[in-house]
Amino acid sequence: MAVNLCSMTPLPFLVMLLLTILRMLHFVLVTDEEAILLAKTAQDVFCFSRTFEDLTCFWDEPTHVKGAYQFFYTFEGDKSRECALISMKNTDGSWRHICTFPENYNGIQLFIELNVEVLDRVSNHTIFSQYLRVNTVGLIAPPTNVTVEWPGIAQQLLVNWMAPSISYADFLIYEVLYGVEDSIQPLFRIEVKNSQMCQLKNLLPGQQYHIQVRSKPDGLSLDGIWGPWSPAVTAETPHLPEAIGLHCFTPDLYQLHCHWNKKPLGSGPFHSLLYWMESNSSSTRGQTWHKCKKEDPDSCTCTFQPSDTQYLSILVTISQSEQEVSYFEEPFKLYHVVHTAPPRILEASIDRNILRLEWAYPLEEIAEHMVYQIRYTVQDTLKWKILQVQYSNTSEIHLATQDRYCLQLRTQPDGQKFRGDWSTWSELVCVEVPPGADSVIMIVAIALLLCAGLVLGLGFTCLSNYSSVKQKLWPSIPELHHVLDGFFKDNGKQQQQVNALFFNKMLEDVPLTCLLEVLSDKPLETPSFDTLLDMDSAEQAEWGSRPSSHQHYMVLSSNNPQSSHHKNEYFDDKNDNGNAFPQSLEHDLHITSEPMTQIIPFTLLNVPSEIKEERKQEMSDDQTTSVTDISNKTYLLMG
């Protein structure tokens, strides 16, 4: 380190040299962190004050430049003074020229404008000149004795520090920087005024945090820039109680019982402790943690009796070697962690498929605030049915079947004034449902239903068999109209076949014969069908021997006025041109003039005698209804 001293009288020179040596032995004139912070300000000569009772100015010169300079400063209304420069070589090879003002009432003055100038010794020219006030260039040292502690509240830490040792400490503000250690998450900043403590909230449970603090003038009476950060301190937030299964409850509203699981931090022995603290509200904290005295130091249970306070906090610490981990249960009320013993069943009786239960209250003081659950099932099955009962120690259950049932009972506060968890299930109680009157009635009803079904089944079976037997023994009589209709249809088909045969014979000049029977209004004696059939055969043979050119036809007309002819007409084809002309038949001896009522053709068929009788009967019946109506014309082949 090279030092250049400006020319001065011998005595002041010796004094300044001594002060410079003493300062260099105790501390660095300008730290790298201070230089970095001041580099952000737009100044040619960087001037700052650590206590507002001192002043330091400096500037840096490039490596390739090494000049000789003089530094002068002048307070407003005062004479100009020269400050001895100290030149130091930086780590990068550049030179830093530093002026430290003397610490006396003549050297430092607040709220007065100060002019500083830098002159080149060779050219005697001013290279830097600027104005400033000492009270506006504060660069305060960081706070000291920074500590972090857990305030007894979940996800919070409390940071404390001491203000820098300056006369103007009351005019400072602070900034706290904190974040999770070794995390990529951004850091958080909190500005604190008029206080030397800060409470960090909404922290992650079970995380290690690092914290730093720095200071700055408040900007009112004194001003400046933020100073360097204090050394980092670390603190861990308590873990959640679920990590070790911490559970606390009161069985009688007097004692509090807590238990947790063993969770060693590593290999080797460990021990755990439980502390509890009382407070009057969930936001305020007491100042004293009470250690729970365990009967067995290696156990993970502890029972104690708190005083009549509203809120309790629980802290469990597990230590192993030099490592200690805390688990915290947030404040709770004693009557919000009620966990009683299971109810004791006093009576379980059955009457007509109704199970009547009665049990004892597990805690008489809060009996009117308890609810109960009954679960029951058929023995040797796992299909539980649950019934809930409120504010009563009796219940009735209607059982559906006759079997052996098993049941259990548990209780819990209703959640209004008293809260808590369900108790364990009571001992298993089994009862058997005997068959009663209801079951007998049900069995009889089922038997009657089965009998009725059997009778109905047999009845339907007998009916189906009876109808088949009846059909065989007494066959149904065919309906006469359907039979006759079928017969006439068959007869008509045969008649068509015969007519077709006759027409073929006519084409071969075979004479055809036709039988005509005319019935009068008076009953006539009708010859038998056999005789008529014989006559038909003889006449057909006789007519068949006659030539076809001498065939004659007669048209029979009734007295119907709608007819086109009112008299019987005779058609003869003996004229020369072969046309038939009607002729009157009144003089013909072979035709009767009596009114004609019905014309019945008979074919040359063998008709059974039964059908003949039926036809006779039909003709006699028809004669009584109509004897004169002939609706169509009938042509009679004449010989």
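A: Cys-430 is partly exposed, at a relative accessible area of 27%. The model is predicted. Cys-430 bonds to Cys-406, with 2.1 Å from sulfur to sulfur. The link of Cys-406 and Cys-430 is right-handed, with 100 degrees about the S-S bond. This pair joins distant parts of the chain: Cys-406 sits in strand E28 (residues 404-413) and Cys-430 in strand E29 (residues 429-432), 24 residues apart. Cys-406 has 5% relative accessibility and counts as buried. The cut-off for buried is under 20% relative accessible area, so Cys-406 at 5% falls on the buried side, while Cys-430 at 27% is partly exposed.

The structure holds five disulfides. One of them joins Cys-248 to Cys-258, with the sulfur atoms 2.1 Å apart. Its S-S bond shows 115 degrees and is right-handed. Cys-248 lies in strand E16 (residues 247-249) and Cys-258 in strand E17 (residues 256-259), ten residues apart. Both Cys-248 and Cys-258 are buried.

Cys-292 and Cys-302 form another disulfide, with S to S at 1.3 Å. Here the S-S bond shows -65 degrees, and the link is left-handed. Cys-292 is in the loop between strand E19 (290-291) and strand E20 (301-304), and Cys-302 is in E20, so this bond ties together parts ten residues apart in sequence. Cys-292 and Cys-302 are buried. Cys-198 counts as buried at 6% relative accessibility. Cys-300 is buried too, with a relative accessible area of 10%.

How are the bonded cysteines paired in sequence order? The pattern is 1-2, 3-4, 5-6, 7-8, 9-10.

A search of the whole structure finds 18 aromatic pairs. One of them is Phe-52 with Tyr-168, edge-to-face, 6.0 Å centre to centre and 85 degrees between the planes. Phe-52 lies in the loop between E1 and E2, and Tyr-168 in the loop between strand E10 (157-162) and strand E11 (172-180), so the pair ties together parts 116 residues apart in sequence. Phe-52 counts as buried at 2% relative accessibility. Tyr-168 is partly exposed, at 23%. Tyr-376 and Tyr-405 also pair, tilted, with 6.5 Å centre to centre and 55 degrees between the planes. Tyr-376 is in strand E25 (residues 370-378) and Tyr-405 in strand E28, 29 residues apart. Tyr-376 is buried, at 14% relative accessible area. Tyr-405 counts as buried at 7%.

Arg-375 faces two rings. It lies over the face of Trp-384, 4.3 Å from the ring centre. Its charged end also sits over the ring of Trp-425, 4.3 Å from the centre.

Now the whole chain. The secondary structure comes to six helices and 33 strands. Of the 639 residues, 37% are buried. Among contacts with a separation of 6 or more, 63% are between residues 24 or more positions apart. The chain exposes about 38800 Å², and carbon and sulfur atoms supply 54% of that area.

How values were computed:
Residues are numbered from 1 along each chain as its sequence is written. This is a predicted model: local features need pLDDT of at least 70, side-chain atom pairs count only at pLDDT 80 or more; totals for chains, interfaces and linings use all residues. Side-chain values use heavy atoms; hydrogens and water are left out. Helices (H or I, at least four residues) and strands (E, at least two) are DSSP runs, numbered from the N terminus. Buried means under 20% relative accessible area, exposed over 50%, partly exposed in between (1.4 Å probe, protein chains only). Contact means heavy atoms within 4.5 Å. Accessible areas come from the Shrake-Rupley method with a 1.4 Å probe; for residues, only the protein chains shown count as cover. Rings of Phe, Tyr and Trp (its six-membered ring) pair if their centres lie within 6.5 Å; planes under 30 degrees apart count as stacked, over 60 as edge-to-face and the rest as tilted. A charge sits over a ring if NZ of Lys or CZ of Arg is within 6 Å of the ring centre and within 35 degrees of the ring normal. A disulfide is a pair of cysteine sulfur atoms within 2.5 Å.
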